Structures are given as C-alpha cells and as structure tokens.
Amino acid sequence: MQDVRKPSPEVFAQRSFVRTKRDTTGNSLNTEVHSAPAQRWSMQVPAEVSAAAGEAAVLPCTFTHPHRHYDGPLTAIWRAGEPYAGPQVFRCAAARGSELCQTALSLHGRFHLLGNPRRNDLSLRVERLALADEGRYFCRVEFAGDIHDRYESRHGVRLRVTAAPRIVNISVMPGPAHTFRALCTAEGEPPPALTWSGPVLDNLSAARPGPGQGFGHQVTAELPALAHDGRYTCTASNSLGRAEASVYLFRFHGASGASALTLLLSALGLKVLLLLGVVAAYTTHRRLEHPATQDTPPRPQAQESNYENLSQMSPRSLRAATCSP
C-alpha cells in the first residue's frame, strides 16, 4: 500500500486581478483585466512516498511553465540521488504536436511514465520495488524547437521502501584459540533486530553487534565463542514480520593415550587383512584362467626302416637293396 505525504510546491504561480472603474454615482463604467506577468516555472511534488518491497509506487510530479499553448518537442526526465547531476532512471521524448512520449530509457524496465507531459504531468510509476530503490528522485522537463527552456525539481520526492526481515547470510567461522563464532546478517526496513538461540542459551538471547552492523538496510549480529555442539538459530524481526535461519556446529573429539594407540593398530591390522585377501583372490583367479598340465614323455617316433615293404619290391630291386652297403 502506497503512502503519499502532502505535496509541497517549489514555486507558486502568480495570479491575475480585476479593476473596475465607477462614476460618482457608483455606476460601473468599464472593467479592465490586469494580468500579472506570464506564469512562472513551478513544480509540485510530495515530500515522501512510501511503499512495500515487491509492490509498485507512483511518484507524483506536476508543473507549470510560462509558455502557454506550447506544442513543440519536449523531453521528460527523472533522476535519482541528486538534482541536475544524478543518474537518469527514466527519459522519454514527445514530437511536436504529439501527446505520446516515446520511452528512451527505463532502468531495468521498471520505470514507466504515468502522466502526460502535454498536460503538465510527469508522474512516474516504479514497479517491483526493492530496498535499493529507496532514495530521492527528481523530475525534469525540457522544451526544444522554437523555445529552448527547461526546469527541474530541486528538492525532489523521497521514496521510502519498507520490507519484512530476510536473513541473507548465516555462518560459523573459526575464532582465536581453537574456538568458533557465529555470524548472522539480515535486511529489512525498518532495520530488523537480531537475536540468537541455541544450546545453553536462553531463548532469544541477545547477540552483540557484528561487523557491518547498520550498513544500509542490513544488520549483522555475532555470537562469539560457541562452547557447545548443536543447533544455533538466528531470528530477525521488525514491525512487518520475522525470519529465522539455523546453523549446526559439530566438533570432532579425538581419543587419547592407549585408546588412540589401540585404534591406530586396529586400523593398520584391518588394512593388512584386506591386502592379503586381495592377493589371495588374485592368485586364485590366475589359476582358474591357466590350469596346470602334467608333463608326459614324448611319444617315440617309429624309425624309418629300409626293410619296409620288401614284399612289394621287385626281385631286381630286392637284390640291389640287399647288396647295397
């Protein structure tokens, strides 16, 4: 829901006055209208606009100028931070005779012109508000063409963004002398209050400010010297709500003396047994792949005889074979 404070005009326009001449009897003779000098530049903006993060806000801005019935080219601009030199977040331009102001710049696509500059209205709509959008904004109009003139709000309108708490970081960090400490950072508007709860701590025990305390919309609380293992919870709260996050601390407590020696020897013995088991399994696997074979004597080969097939030889061949040395 948006909250707008009463507008505060920076310059007031001058007024006209009427003078009537009368005769001695009091009858009206003629009436003369005397206008003040041409209307001056002025801008009306509220002192502050408030809206919740994630919603939309409208920054009203209306103006007057001394150039009556001006229909030449114009440019509408919104700045953030400071007048004249602050970064532009929105800019649009309208051609001669046109009421359509073509957007040339819209930061992150979240700034949109709601008013009509031809009707002296530069009101701006900001969508999807974030805490970073909080600050002061300044409207400006520029005339070009035959008339070159411009005017910008000097005081601007302050945009205030509210938000329920949100925890952005929680961690456990080592401290001096082998101790540990916990840090919790949260953001919100109004800035949230931070408390810790955990082992041997009273519920919602207050924590001392940590580094970065009060930086912008963020606050940090430190819980020093965590003495016990367990769960530590950080709670952030303001008028719009609360948020929680937890971190766990578990430290290793080693054995001493004979217990430590026994534990070491047991671990070494287990490793030796595992190694022997692996070697035995490998040997068995190799034997199954390559079974052993018995050594058998070589079979004697029959000697070739010159007397084989004597019955098949002719008598002449037989005599030659018999008489051969």
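Biologist: What does Val272 count as at 46% relative accessibility?

Modeller: Buried means under 20% relative accessible area, exposed means over 50%, and partly exposed is in between (1.4 Å probe, protein chains only). Val272, at 46%, counts as partly exposed. Before we go on: this is a predicted model, where local features need pLDDT of at least 70 and side-chain atom pairs count only at pLDDT 80 or more, while totals for chains, interfaces and linings use all residues. Residues are numbered from 1 along each chain as its sequence is written, and side-chain values use heavy atoms, with hydrogens and water left out.

Biologist: Where is the place of Val272, then?

Modeller: Look at helix α1, residues 258-289. Helices (H or I, at least four residues) and strands (E, at least two) are DSSP runs, numbered from the N terminus.

Biologist: On to rings. How many aromatic pairs does the count come to?

Modeller: Rings of Phe, Tyr and Trp (its six-membered ring) pair if their centres lie within 6.5 Å; planes under 30 degrees apart count as stacked, over 60 as edge-to-face and the rest as tilted. By that rule you get 6 pairs. Take Trp41 and Tyr151: their ring centres are 5.5 Å apart and the planes sit at 5°, so they are stacked. Trp41 is in the loop between β4 (28-34) and β5 (42-46), and Tyr151 is in strand β15 (residues 149-152), so this pair ties together parts 110 residues apart in sequence. Both residues, Trp41 and Tyr151, are buried.

Biologist: Which residues do ring pairs link into a cluster?

Modeller: Trp41 and Tyr151 again, along with Phe63, Tyr70 and Phe143. Now turn to Tyr248 and Phe250, which are both exposed. They make a stacked pair too, 6.4 Å centre to centre with 10° between the planes.

Biologist: And how many disulfides does the count come to?

Modeller: A disulfide is a pair of cysteine sulfur atoms within 2.5 Å, and there are 3. One joins Cys61 to Cys139, S to S 2.1 Å, and is right-handed with 75° about the S-S bond. Cys61 lies in the loop between β7 (57-59) and β8 (62-64) and Cys139 in strand β14 (residues 135-143), so parts 78 residues apart in sequence are tied together. Cys61 is buried at 1% relative accessible area, and Cys139 is buried at 1% as well.

Biologist: Why is the disulfide of Cys92 and Cys101 right-handed?

Modeller: Because the torsion about its S-S bond is about 90°. The sulfur atoms are 2.0 Å apart, and both Cys92 and Cys101 are buried.

Biologist: What about the link of Cys184 and Cys234: left-handed or right-handed?

Modeller: Left-handed, at -80° about the S-S bond. Cys184 sits in strand β17 (residues 180-189) and Cys234 in strand β22 (residues 230-238), 50 residues apart. Number the bonded cysteines of the protein chain in sequence order and the pairing reads 1-4, 2-3, 5-6.
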